[in-house]
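Hello,

Here is the structure we talked about. Please open it and follow along with the notes below.

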Amino acid sequence: MTQLITTIEEMRSIIANLHNQRRSVGFIPTMGALHDGHLKMMSLSLNENDVTIISIFVNPLQFGPNEDLDSYPRDIVGDTAKAESVGVDYIFHPTVKEMYPELPTIELKAGRLASVLEGAERPGHFDGVVTVVNKLFNIVRPHKAYFGKKDAQQLAIVEKMVEDFNHPIEIKGVDIVREDDGLAKSSRNIYLTKNERIEAVHLYNSLCLAQSLYKNGERNSEKIIKATRDYLTEHTSGTIETVAIYSYPELVEQTQIKDSIFISLAVKFSKARLIDNIIIEG
């Protein structure tokens with residue numbers, strides 16, 4: 001039976017007991033609206049740890065003034081049922097007031113890694129991410145934490161944060177879970193119109209095109225990006241905000257590809273901004 005915990009004090013008490021019993025803890029931070037990508041991370045944690053905890057908290061610090069904080073999907077009943085279906089032990093579901101009794105006086109900055117890609121498009125977003133993840137890590141004190149590779153920049157930032165702040169936590173990157181037609185699963189897919197949903201599959205198709213160019217020997221980023229943009233322009237009605245190639249996990253823009261990279265894109269439809277990426281090992 002999955003237990004729902006709403007206060008920091010109760011969560012800390014449970015964690016203290018688990019650590020005293022020398023039980024390993026796996027943790028998946030989420031903002032709810034759970035889908036198969038989240039469930040995959042939960043299943044991995046269940047296989048690798050004695051106890052699995054997820055958090056469901058829509059973090060206001062990572063939303064900009066014109067973003068979808070108020071309309072972000074919230075369904076704690078449905079999310080609890082999904083977490084329970086795979087065997088999660090605890091859900092930590094605090095209120096905003098519980099997590100932030102007042103605005104933080106000490107601010108965390110994600111730094112250089114947040115100055116590009118999503119960080120450039122959404123100023124302050126990753127500062128909010130590292131703030132809440134630090135808080136959650138200090139409350140839950142997991143041995144392993146699981147993050148999806150769909151948010152590859154976020155994963156790289158969290159990995160660097162753990163290194164810089166000496167968190168004794170192993171970060172596990174989990175492969176993107178996709179629909180049968182290739183669209184990356186996301187809580188924001190529900191905002192797509194019927195026609196946009198049909199078009200959205202071409203985000204992944206464009207990444208496959210980019211990967212095929214790489215596999216066939218192309219190492220010039222500009223040529224791969226142009227081919228990817230041209231494909232998206234032809235097959236979607238969305239606004240192409242980003243197509244970029246960066247080293248991974250260093251997040252340095254590449255002109256001539258030499259090592260591991262990720263190809264990242266963002267497309268804005270009428271009510272949904274979708275991101276996707278593909279990581280290519282050097």
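This is a predicted model: local features need pLDDT of at least 70, side-chain atom pairs count only at pLDDT 80 or more; totals for chains, interfaces and linings use all residues.

Strand E8 (residues 261-268) pairs with E7 in the antiparallel sense, over eight bridges.

In general, strands of a sheet pair through backbone hydrogen bonds, either parallel or antiparallel. Here, three strands form an open sheet, in the order E7-E8-E9. The pairing is antiparallel. Which strands stand at the edges? They are E7 (239-247) and E9 (273-280). Each has a single partner strand, so one side of each is left without a neighbour in the sheet. On average, neighbouring strands of this sheet are turned by 10° against each other, direction ignored.

**Helices**

Helix H8 (residues 194-215) lies across E8 and E9. H8 runs at about 25° to E9.

Now go to helix H2 (residues 36-48) and helix H3 (residues 76-86). They pack at an angle of about 35°. Their axes are 9 Å apart. The crossing of H2 past H3 is right-handed. Which residues meet there? H2 brings Leu39, Met42, Ser43 and Leu46. H3 brings Lys82, Ala83 and Val86. By class, this contact has five nonpolar residues, one polar and one charged.

**A pocket**

Last, find the second largest pocket. Its volume is about 270 Å³. How many residues line the pocket? The count is 15. Leu61, Glu107, Asp127, Gly128 and Thr131 lie nearest its centre. The lining divides into seven nonpolar, five polar and three charged residues.

Best wishes

Methods
Residues are numbered from 1 along each chain as its sequence is written. Side-chain values use heavy atoms; hydrogens and water are left out. On a 1 Å grid over the protein atoms alone, a cavity is a set of points where a 1.4 Å probe fits but cannot get out, and a pocket is an open set with protein on both sides within 12 Å along at least five of seven lines; lining residues have an atom within 4 Å of a point. Grid points are joined across faces, edges and corners, and a volume is the space filled by probe spheres set on the points. Ala, Val, Leu, Ile, Met, Phe, Trp, Tyr, Cys and Pro count as nonpolar, Asp, Glu, Lys and Arg as charged, and the others, Gly among them, as polar. Two strands pair if DSSP finds at least two bridges between them. Helices (H or I, at least four residues) and strands (E, at least two) are DSSP runs, numbered from the N terminus. Axes are lines fitted to C-alpha atoms, for helices over the stretch in contact, and angles run from 0 to 180 degrees between N-to-C directions. Contact means heavy atoms within 4.5 Å. A crossing is left-handed if the near helix is turned anticlockwise from the far one by less than a right angle, and right-handed if clockwise.
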